[in-house]
Amino acid sequence: MPTLSDLEAVVDDGVRVGITDLAPFPVEQDLITRRVADGLSGGLAFTYASPDVSTSPARSFPWAKSIVVVAVPYLADGDAVVDGRTVARFADGDRYAGVRRALAAIVGALGGDGFRAEAVFDDDRLVDRAVAVRSGVAWNGKSTMVLTPAHGPWILIGSVLTDAPLERTRAMVRSCGTCTACIPACPTGAIVSPGVLDASRCLAAVLQRPGEIPSELRDAVGSRIYGCDDCLVACPPGDHALMRIGDPSEQLTPIEVLGMPDREIDAAFEHWYVPKRNMRFVRRNALVVLGNVGTVADLGVLAGYLGHPDSLLRAHAAWAVGTIGGSTALRVLEAALLHENDPTVVTEIISAIAATSAAPVYADAPKEPTNGSTELE
Ligand code: B12
Ligand code: SF4
Ligand code: SF4
């Protein structure tokens, strides 16, 4: 029978391994059910869709006797602390490669001993953070992230379900203590109390959802095209892991996204969750970012999007033009209004015109980027 040390020996350095059983997670079932009832699930499906299934692993894996859990650090070179990112670190390149490698090694080791083993991560049948905490690879943070002593929240979780009756490891005796740094660090106030996330306000979810980005959250989107890391960056147990990292990596720009054909966006970001793989939602995010960080020099691209056949994109382009502001922006919006028939877009254009006239005294002065970044110019 493989021991914990046997399994630790087959994974990369820095990967934590723990083992738990298939017993249900009644506390988490109750939490998820309450999040949905309280309107805090933000309309997400995933593990929220059937909490009775996602918190009772034996229902989906009746043959299994143990769950081997890995916590895999995923920071890479270029993940500097302050770098005006447009893509959250977990989605910038193939950051799940380490998880897949660790799980494949464990499946191989168990299979070699004649046991059945199946790798699972980001799967609707299992709440990854719950198994991470019960197996002792991580503890529950107030940001709702699970943390390890060496890497803080900068870890991804994966599991191997197996019929090997392995010896369990214990939960970690650790907590955030008096720290509350992640709560004020959240740009939208989505961490409504310690350990409770309002997914309808969490930018990671907002940028993944179909439909419009609510107007009251568009400023807070800042430079984010996909994902958000603010509550992770604020987390002191992660400082050590983040500080060691060198120069900021080159960032994807909204102009790049807006100039790419759909098939190229789809191929470049195939690891992103995009509703129905419809690239209009990635373009929508890029338009909001351009409104936040762009200048008058970007009005040409935005004017093009005001003539786009997709009304969702015209609406967000109108907001972006109004947010950049100035007399050129005003002319672009007035011209668009003459040809616009969609009532939602008309409303957006009228609000954008109002925003434009409320904007700078020196009408054509380029707007300062709100996040302090100049990388996009
Ligand atoms: C749905 C989902 C999301 C949703 C909802 C997130 C959420 N907090 O629920 C959205 C889209 C917002 C999201 C965002 C992100 N996600 Co996500 N997501 C998931 C998914 C698919 C399910 C999560 C889930 O079941 N939520 C249900 C609710 C109830 O769970 P929870 O809030 O985490 O519950 C815990 C806390 O409430 C805590 N708790 C309860 N009461 C209290 C009280 C106190 C005092 C404390 C301290 C804690 C505490 O206990 C619960 C159990 O652990 C998992 C993959 C999976 N299959 O599990 C990945 C997962 C959670 N996501 C992950 C990542 C990396 C992210 C992002 C960092 C990505 C990014 N950079 O943009 C952000 C982080 C945002 C955040 N602060 O959570 C990782 C997290 C790894 C980690 N170290 O925790 C996971 C585990 C994927 C993986 N395989 O590694 N995600
Ligand atoms: S990921 Fe961003 S928006 Fe979501 S809770 Fe963390 S800081 Fe707030
Ligand atoms: S910032 Fe502080 S309170 Fe929030 S998860 Fe990290 S250690 Fe816990």
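Let me start with ligand 2. Around ligand 2 sit C186, P187, T188, A190, I191, L197, C202, L203, A204, C228, D230 and C231. A residue counts as near a molecule if its C-beta atom, placed from the backbone, lies within 6 Å of it. Two elements give two or more residues to this shell: α8 (203-206) and α10 (230-233). Helices here are DSSP runs of H or I with at least four residues, strands are runs of E with at least two, and both are numbered from the N terminus. By class, the ligand 2 shell has ten nonpolar residues, one polar and one charged. Nonpolar means Ala, Val, Leu, Ile, Met, Phe, Trp, Tyr, Cys and Pro; charged means Asp, Glu, Lys and Arg; the others, Gly among them, are polar.

A word on the model. It is predicted, so local features need pLDDT of at least 70 and side-chain atom pairs count only at pLDDT 80 or more, while totals for chains, interfaces and linings use all residues. Residues are numbered from 1 along each chain as its sequence is written, and chains are lettered from A and ligands numbered from 1 in the order in which they are written.

Next, ligand 1. It has 43 residues around it, and the closest are T47, D128, G195, A204 and G227. α2 (26-37), α6 (128-135), β6 (155-162), α8 and α10 each supply at least two of the shell residues.

Then ligand 3. Its shell holds 13 residues, with G141, C176, C179, C182 and C235 the closest. Nine are nonpolar, three polar and one charged.

On to domains. The assignment gives domain 1 (4-76 + 92-162) and domain 2 (253-377). Such bounds come from an automatic or database domain assignment. Taken over C-alpha atoms, the two domain centres are 39 Å apart.

Now a helix pair. Helix α14 (residues 280-293) packs against helix α16 (residues 311-324) at about 10 degrees, axes 7 Å apart. So α14 is roughly parallel to α16, a label for angles under 35 degrees. From α14, the contact takes in R280, R283, R284, L287, V288, L290, G291 and N292. From α16 come L312, L313, H316, A317, W319, A320, T323 and I324. Contact means C-beta atoms, placed from the backbone, within 7 Å. Nine of these residues are nonpolar, four polar and three charged.

Last, R100. It sits in helix α5 (residues 97-112). Buried or exposed, or in between? R100 is partly exposed, because 14 other C-beta atoms lie within 10 Å; buried takes 20 or more, exposed 12 or fewer.

How values were computed. Axes are lines fitted to C-alpha atoms, for helices over the stretch in contact, and angles run from 0 to 180 degrees between N-to-C directions. Angles under 35 degrees count as roughly parallel, over 145 as roughly antiparallel, 65 to 115 as roughly perpendicular and the rest as oblique. Two residues are in contact if their C-beta atoms, placed from the backbone, lie within 7 Å.
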